[in-house]
Amino acid sequence: TVLALEGSFASVLGGAPAAAVVFAGDVNSRTANDPRIRDLETRITTAAGTDRAALTAELDELRASVRAEKLGEVAAEFDRVHSIQRAVEVGSVDEVIKAAELRPKIIAAIGRR
């Protein structure tokens, strides 16, 4: 018997670690293809001297910010797919219960054995 408490997630990793590790390539690709990044990269190619240096520094900051956004997006997508409700639907979890039901449910499961 597999019981899950309301609010549980079905993923071993969770969305944020999955996005950072398992889907890092996707996060990097989304970051690189973001229009804000591409626009600034284009502006850098035509800039010179101190303008180019300033834009390059701005790009570094923007890239970090956009990457954090993309990590959040991928994490949310992962968590939506790997919901506890889906785990019930595919048979990985038998039932989602309230915390107050945990003890009686465990006792009932032991009693059925």
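Phenylalanine 23 has a relative accessibility of 31% and therefore counts as partly exposed, a class that lies between buried (under 20% relative accessible area) and exposed (over 50%), judged with a 1.4 Å probe on protein chains only. The model is predicted, so local features need pLDDT of at least 70 and side-chain atom pairs count only at pLDDT 80 or more, while totals for chains, interfaces and linings use all residues. Residues are numbered from 1 along each chain as its sequence is written, and side-chain values use heavy atoms, with hydrogens and water left out.

Across the whole structure, a search finds 1 aromatic pair. The ring centres of phenylalanine 23 and phenylalanine 78 lie 5.9 Å apart with planes at 55 degrees, so the pair is tilted; rings of Phe, Tyr and Trp (its six-membered ring) pair if their centres lie within 6.5 Å, and planes under 30 degrees apart count as stacked, over 60 as edge-to-face and the rest as tilted. Because phenylalanine 23 sits in the loop between helix 1 (15-22) and helix 2 (24-32), and phenylalanine 78 in helix 4 (residues 49-81), the pair ties together parts 55 residues apart in sequence. Helices are DSSP runs (H or I, at least four residues), numbered from the N terminus. Phenylalanine 78, at 13% relative accessibility, counts as buried.

Aspartate 39 belongs to helix 3 (residues 35-46). With a relative accessible area of 43%, aspartate 39 is partly exposed. Aspartate 39 and alanine 10 are 29 residues apart in sequence, and their C-alpha atoms are 39 Å apart in space.

Conventions. Helices (H or I, at least four residues) and strands (E, at least two) are DSSP runs, numbered from the N terminus.
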